[in-house]
Each structure stands twice: as structure tokens, then as C-alpha cells.
Amino acid sequence: MFKAPKFEITKEILLLISKIDEVKGYWNCFKKNIDTDKVLPLQTTIKTSVSAVSDVLKYEEETDMTGYLMALNWIFADYEAIILSEKTVDKIYRMIENLPPDAEIEKNYAIPKPKDNEYSCTIFGGIDLYEDNTETEEKYSLSGYTIEDILEWAGQELFSKKLHPLFVTCIVAAEMLKLKVYPRANSRLSRLLTMLIMLKSGYTYLPNYSLDKTIKEEYSLYETAYENAMDDGEELEFEFWNTVYLKILQKHATNLLEEIDNLEPAKLKKTASVKKQTPPQKEYKDLPELQVKIVKMFEKSDRITISEVAKSTKTNINTVKKHLATMTENKIIKKHGKTRGAWYSLV
């Protein structure tokens with residue numbers, strides 16, 4: 001069982017959270033009047049993220065980044081339906097490593113024993129920003145909790161809303177980096193979980209500006225902070241860690257605002273529009289019941305995905321696909337994208 005660590009909530013931490021939440025509120029207003037997918041395209045974010053990770057990978061062999069791209073697409077498109085669980089992390093890991101869906105993963109619930117006066121478990125695994133090296137014969141066990149325990153706790157906290165979601169984000173990110181359960185890519189998994197938890201908590205600007213880019217820019221601060229937060233290589237000093245991690249997330253939010261400020265006014269004006277209202281139901285009286293439900297979903301969102309429709313209407317996903325295809329053919333809705341990250345808008 002995982003128990004939340006105790007830490008002091010300082011004025012600095014509260015200020016950082018308030019600044020991030022301010023951007024969250026600003027973004028929610030901004031996207032109501034601007035087509036954010038046109039001015040800050042999701043695919044640009046994904047390409048930037050893949051490039052940022054690829055630039056700093058230090059494997060001897062060339063690393064195929066297709067899997068990381070797919071993982072980003074999946075999280076950005078289906079975050080509402082994705083369950084926080086170890087199975088989900090397994091799925092993301094297999095994507096990143098381009099493994100078959102049923103491939104076994106040799107997990108390690110022990111970490112290297114630190115050498116004298118050295119930390120062998122840093123934020124990115126020692127000298128490498130995005131990867132880790134846990135190969136050693138001498139290991140010692142952790143204190144009995146697993147990734148499943150951590151994510152179950154995170155899900156409960158997000159549901160109960162007793163703990164601010166940014167604290168949940170910080171804790172999960174740190175524990176993923178500390179455990180280093182997977183053979184490789186633990187830091188990438190940590191960041192993808194950061195994105196997933198924040199998206200689930202309403203920080204919907206993540207698909208429109210690359211977190212990986214910000215982390216790459218803040219590498220020195222980021223890795224050093226994690227080393228300094230460690231106590232004898234076993235325990236984290238969470239007050240220190242939370243402060244630094246929130247600084248990174250706040251810098252990311254500030255970068256987004258700067259990106260918006262740099263947009264050409266003419267481009268913003270061109271994409272500005274009042275949010276589409278769902279046409280009266282009487283215009284769709286001849287549609288099947290499921291398709292009427294799908295149309296109504298646009299009252300709450302400008303974009304929907306297959307998994308969102310299946311979850312909202314409690315309908316088999318194959319049936320949903322058929323109805324969406326028919327609605328697209330009849331020009332009731334429009335499909336965007338062709339991969340698992342595809343989504344739909346109202347025509």
C-alpha cells in the first residue's frame with residue numbers, strides 16, 4: 001500500500017500553483033474564442049516533443065521514436081477514458097519500445113545500491129537526461145509498494161479532490177523516477193504520466209505546447225534538484241522536490257503564454273469564432289438515437305473521440321465507429337486525423 005508523503009505547503013508552493021492554475025483558467029477562456037488546434041496545432045507539439053527527446057537520447061544505437069509519438073497521440077486523444085493503472089503504464093511502455101501488445105516486461109522492483117558518496121538513482125538515471133542505467137548485481141529492496149499502488153492512490157485522490165492535482169502529479173512523477181521499474185524509458189513514462197494526470201485534472205493546454213521541450217531546457221535544474229531531494233538514495237524530501245517540479249510546470253505554462261503572445265494578430269483574428277451551438281434537435285429527428293446522443297455531446301465539447309462516445313453512451317466501440325463513419329459520410333460531423341489519435345468535430 002502506498003501512503004502519501006508528508007510535506008509542508010509553503011508560500012512559494014502556493015504561489016506556483018496559483019500561477020499554473022491562472023494559466024489553466026486563461027486557456028479555458030482562450031480556446032472558447034480561438035481555434036487552438038489551428039494556431040497551436042497538436043501535431044506540432046508532438047513533433048517538438050519527439051525531437052526534444054530524440055536530441056538527448058544517448059543510446060549507442062539509433063532509437064525509433066515512432067512509439068513515443070504514438071503514446072503522445074493516445075494520451076492527448078483519449079486521456080479522459082484512460083485508467084490510471086499499471087496495465088496502462090505497461091501499454092505505454094510497449095508503445096514506446098515498439099513491442100507487441102502481449103510482450104512480457106521484465107520489471108524490477110529494486111534499485112541499485114548507491115556507491116559511497118554517490119547517488120545512483122537520479123532524476124534521469126545518472127548522467128543521462130532521458131534514460132537510466134540500473135544494471136548492477138548488488139540491489140536492495142524498496143519499502144513494499146508498487147506502481148499499481150501509487151496509481152491507485154492517485155486515482156482516489158483525483159476522485160476525492162482532497163489533495164490538489166498538481167501535488168498528485170509531483171508525487172507520481174517522483175515515485176516513477178525513484179522506482180525505475182521498467183528496463184528503459186522510466187523518465188519518459190514519468191513525463192507521460194505527468195501529462196495524463198494534468199489532462200485528467202483540466203490542464204488541457206498540454207497538447208498545444210511541448211512539456212518535453214521545457215524539461216529539456218531546464219535539464220540542469222531538474223536533475224540536480226532530484227539528486228538534492230534524495231536522502232541517502234532512498235527517501236525523497238518532497239517539499240524541495242515539489243517546489244522544483246512546480247517551477248518546471250509553471251515555466252511550461254509561462255512558455256505557452258509567450259507562444260500565444262507571439263502569434264500574429266491577423267492569424268488569431270482569422271481563427272476567432274464564437275463556439276458553435278448544437279443545432280436544434282428537430283433538425284436531426286430522423287437520426288438514429290445513438291447519433292442524436294453523439295450530436296448532443298457537442299454541447300459540452302468542440303471535439304470528441306471514439307472512446308469518449310463509447311464511454312458516454314455505453315455503446316460497443318465497433319458500433320460507435322460505424323455510426324461515426326455514417327455521420328461523417330453524411331457531413332454531420334468531420335473527422336480529423338487517421339490514426340488512433342483521430343477526433344471529430346461538428347460540421
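# Close-up views of a predicted model

**View 1. Glu86 and Lys107 form a salt bridge, with their closest N and O atoms 2.8 Å apart.** A salt bridge here is a side-chain nitrogen of Lys or Arg within 4 Å of a carboxyl oxygen of Asp or Glu. The pair joins distant parts of the chain, 21 residues apart: Glu86 sits in helix α5, and Lys107 in the loop between α5 and β1 (110-112). Helices (H or I, at least four residues) and strands (E, at least two) are DSSP runs, numbered from the N terminus. Glu86 counts as buried because its relative accessibility is 12%, while Lys107, at 29%, counts as partly exposed. For these words, buried means under 20% relative accessible area, exposed means over 50%, and partly exposed lies in between (1.4 Å probe, protein chains only).

Residues are numbered from 1 along each chain as its sequence is written, and side-chain values use heavy atoms, with hydrogens and water left out.

**View 2. Glu97 and Arg188 meet through their side chains in a salt bridge (4.0 Å, N to O).** Glu97 lies in the loop between α5 and β1 and Arg188 in helix α8, so the pair ties together parts that are 91 residues apart in sequence. Glu97 counts as buried at 19% relative accessibility, and Arg188 is buried with a relative accessible area of 1%.

**View 3. Helix α5 (residues 86-96) packs against α8 at an angle of about 125 degrees, with the axes 11 Å apart.** Axes are lines fitted to C-alpha atoms, for helices over the stretch in contact, and angles run from 0 to 180 degrees between N-to-C directions. The two helices, α5 and α8, are therefore oblique to each other. Angles under 35 degrees count as roughly parallel, over 145 as roughly antiparallel, 65 to 115 as roughly perpendicular and the rest as oblique. From α5, Val89, Ile92, Tyr93 and Ile96 meet Arg188, Leu189, Leu192 and Leu193 of α8. Sorted by class, this contact of α5 with α8 has seven nonpolar residues, no polar ones and one charged. Ala, Val, Leu, Ile, Met, Phe, Trp, Tyr, Cys and Pro count as nonpolar, Asp, Glu, Lys and Arg as charged, and the others, Gly among them, as polar. Contact means heavy atoms within 4.5 Å.

**View 4. Helix α7 (residues 165-179) and helix α8 (residues 186-200) pack at about 165 degrees, their axes 9 Å apart.** That angle makes α7 roughly antiparallel to α8. On the α7 side, the residues that meet α8 include Pro165, Leu166, Val168 and Met176. Among their partners in α8 are Leu189, Leu193, Ile197 and Met198. The residues of this contact of α7 with α8 divide into 11 nonpolar, five polar and no charged.

**View 5. Glu289 and Lys293 form a salt bridge, the closest N and O atoms being 3.7 Å apart.** Being four residues apart in helix α13, Glu289 and Lys293 are separated by about one helical turn. An α-helix has 3.6 residues a turn, so residues three or four places apart point the same way. Glu289 counts as exposed at 60% relative accessibility, and Lys293 as partly exposed at 39%.

**View 6. In helix α14 (residues 306-313), Ser307, Glu308, Val309, Ala310 and Thr313 are buried.** Covering these buried residues of α14 are parts that include α4 (66-78), α13 (289-297) and α15 (317-329). After α14 comes Lys314, whose phi is positive, near 55 degrees.

**View 7. Ala342 sits in the loop between β5 (333-336) and β6 (343-346).** Ala342 counts as buried, at 10% relative accessibility. Leaving aside neighbours within four places in sequence, Ala342 is in contact with Thr305, Lys335, His336 and Gly337. The C-alpha atoms of Ala342 and Ala77 are separated by 7.2 Å, although these residues are 265 apart along the chain.

**View 8. Ile248 has its place in helix α11 (residues 238-261).** At 1% relative accessibility, Ile248 counts as buried. Not counting residues up to four places away in sequence, Ile248 touches Thr214, Ile215, Glu218, Leu221 and Tyr222.

Note on methods:
This is a predicted model: local features need pLDDT of at least 70, side-chain atom pairs count only at pLDDT 80 or more; totals for chains, interfaces and linings use all residues.
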